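I am opening a notebook on a structure that is new to me, and I mean to write down what I looked up in the order in which I looked.

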Amino acid sequence: MTHHPNSKESLTFDPSDWQEFGQLAHRMLDTMLDYLQDIRQQPVWQKPPQAVKQHFQQPLPLEGQSLESVYEEFLTYILPYPKGNIHPRFFAWVQTTGTPLGMLAEMLSAGMTPNVTIGDHAAMYVDGQVVDWCKQLLGFPPQGSGLLVSGGSMANLTGLLVARQSVDRERIRQQGVLAGGKQLVLYASSEAHSCIEKAAEVMGLGTDALRKVPVDDQYRMDLEQLKRMLAQDWARGVHPFCLIGSAGTVNTGAIDPLDEMADLCEQNGLWFHVDGAFGALAKVVPAYQGQLAALERADSVAFDLHKWLSLPYEVGCVLIKDAALHRETFALTPNYLLNHERGLAAGPDSISNYGIELSRGFKALKVWMSLKTFGVAHLTGIISQNIEQMAYLSRRVEQEPMLELLAPASLNIVCYRYNPGGLSTQALNTLNKEIVMQLQERAIASSSSTMLKGQYAIRAASVNHRTRLSDMDALLEGTLLIGSQLHTQ
Ligand SMILES: *Cc1c(COP(=O)(O)O)cnc(C)c1O
């Protein structure tokens, strides 16, 4: 008999009493299911008190405590002070509502904890299936490739890195942006999301290389201005390589003239990238199929599944038309990642050959379970519902004499302000900012804000499957009430 002298080998992170652990686990599950079912009864937001902030300034625990007591702390100090994005009255930024199904899927995927990078195991095939479904959702060519990533920012960066690779396939990975000797420049509208700017910085191009094209009165890229800027840039000897369209801008939900942009890219040999973080999925809605048809013509499309698919954070997707170029951008096979003919190291091409990350979680499971359970028809219904609710909000804003629409409502975003008349822009900006803060503090509704042409806008965006028309009414009535109270003061 082999003798094992190491007395410490009984150590593990597994529970010492599985039965007791299981009871607590069921309690946690029941608590969360009750919480989700009754979420409407909770305040949309409440400020975390001082005691909460202080609770998270403790020293590193050197010895453990019981899981039960840790869970009690979760119930006392964490769960009651959420951001509110799963609440039916949440219209701030563009944030997922999550689903009970998504919560369960996260538990199952964490339970399995596969590393979904290489190997012959089921999660790899689920991941591949989900990427294929994403292509089908957007009508993207089936021979294209794709990658699930943490979110829209990472999806945009990944797509733009493939765009950069297309400039000089032989040298760019060795020589970086200096390959070819010309400054690379790319174009997006002034309304493009800030992650595009970050991507330009991270890629070593710098923000000067990102040329911001002015927009028209619908907040869509102005193509005449774009052509003028392109001509200027060619004349001064820099290298325009990529045009970025927005399918749903973050400020107003505007959709750039994607079809014309695709034409322009074809004529001039530019890479056509689309940031469709939330808007791309609206392609499943018949009324938007025309405006979003050109997604099929893009060289790369970035979009989120933790926005309109309502999945828990985090999951986004990038699709690339030229699968070979995609692989060429990232493929790198060190000795410890060789594929074998058989065994665990057989199976599909390593997913690390298609992106920046190596170890990857099983985020595909929640997408797979959600699409299978609800189907595209239900997703289409949810997206249409949000679009109709926001159209309703926009109509109501136009009907209220004290409210003013600040941008044409598009997709799922409405920008408006309280305007009783006779106030300067500065005074209106201050007044409306106060309204937004009080709407949140009084737990009436959470909206966010933006600046449009120097005017402070209350910005309501919704990818919220729990919202009902009465919640839109509550937002407007709250705005009117707080607005009149502040104005008469
Ligand atoms: C949300 C958003 C992003 C960024 O996506 P993340 O998932 O937050 O990284 C990019 N572009 C647009 C238009 C967005 O709405």
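**Entry 1: the nonpolar cores**

I looked up the largest nonpolar core, which has 105 residues, and found that Leu258, Phe303 and Leu305 touch the most other members. Helix α5 (residues 122-138) supplies the largest share of this core, 8 residues. Apart from it lies another core, of 24 residues, and Met390, Tyr418, Ile444 and Met472 are among them. I note the terms: a nonpolar core is a set of buried Ala, Val, Leu, Ile, Met, Phe, Trp, Tyr and Cys residues joined through side-chain atoms within 4.5 Å, and buried means under 20% relative accessible area, with exposed over 50% and partly exposed in between (1.4 Å probe, protein chains only). Helices (H or I, at least four residues) and strands (E, at least two) are DSSP runs, numbered from the N terminus.

I also wrote down how to read the model: it is a predicted one, in which local features need pLDDT of at least 70 and side-chain atom pairs count only at pLDDT 80 or more, while totals for chains, interfaces and linings use all residues. Residues are numbered from 1 along each chain as its sequence is written, and side-chain values use heavy atoms, with hydrogens and water left out.

Which residues does Leu258 touch, not counting residues up to four places away in sequence? I listed Gly245, Ser246, Ala247, Phe272, Val274, Gln291, Leu292, Ala294 and Leu295, where contact means heavy atoms within 4.5 Å.

**Entry 2: strand β7**

I turned to strand β7 (residues 300-304), where 5 of the 5 residues are buried, so this strand is largely enclosed by the rest of the structure. Both of its faces are covered, with Ser300, Ala302 and Asp304 buried on one side and Val301 and Phe303 on the other. Strand β6 (residues 271-275) runs parallel to β7 and is joined to it by 3 bridges, whereas strand β8 (residues 316-320) pairs with β7 in the antiparallel sense over 5 bridges; two strands pair if DSSP finds at least two bridges between them. I followed Ala302 in both directions: Asp275 stands opposite this residue, and Val318 is its bridge partner in β8.

**Entry 3: strand β11**

Strand β11 (residues 446-452) is mostly covered, since I find 5 of its 7 residues buried. Strand β1 (residues 90-91) runs parallel to β11 and is joined to it by 2 bridges, and Phe91 has Ser447 as its bridge partner there. With strand β12 (residues 455-461), β11 pairs in the antiparallel sense over 5 bridges, and Thr450 has Ala457 as its bridge partner in β12. The hairpin of β11 and β12 has 2 residues between the strands, and in it Lys453 takes a positive phi near 50°.

**Entry 4: pocket and cavities**

The largest pocket has a volume of about 780 Å³. It is lined by 30 residues, of which Met28, Met32, Leu36, Phe74 and Met103 lie nearest its centre. Which element gives the most to this lining? I found that α1 does, with 10 residues. The lining of the largest pocket divides into 20 nonpolar, 8 polar and 2 charged residues, where Ala, Val, Leu, Ile, Met, Phe, Trp, Tyr, Cys and Pro count as nonpolar, Asp, Glu, Lys and Arg as charged, and the others, Gly among them, as polar.

The structure holds 3 cavities of 30 Å³ or more, and about 50 Å³ of space lies in the largest cavity. β2 supplies the largest share of the lining of the largest cavity, 3 residues. On a 1 Å grid over the protein atoms alone, a cavity is a set of points where a 1.4 Å probe fits but cannot get out, and a pocket is an open set with protein on both sides within 12 Å along at least five of seven lines; lining residues have an atom within 4 Å of a point. Grid points are joined across faces, edges and corners, and a volume is the space filled by probe spheres set on the points.

**Entry 5: Leu480**

Last, I looked up Leu480, which lies in helix α14 (residues 469-488). Is Leu480 buried or exposed? Leu480 counts as buried, because its relative accessibility is 18%. Not counting residues up to four places away in sequence, Leu480 touches Glu400, Met402, Leu403 and Tyr418.
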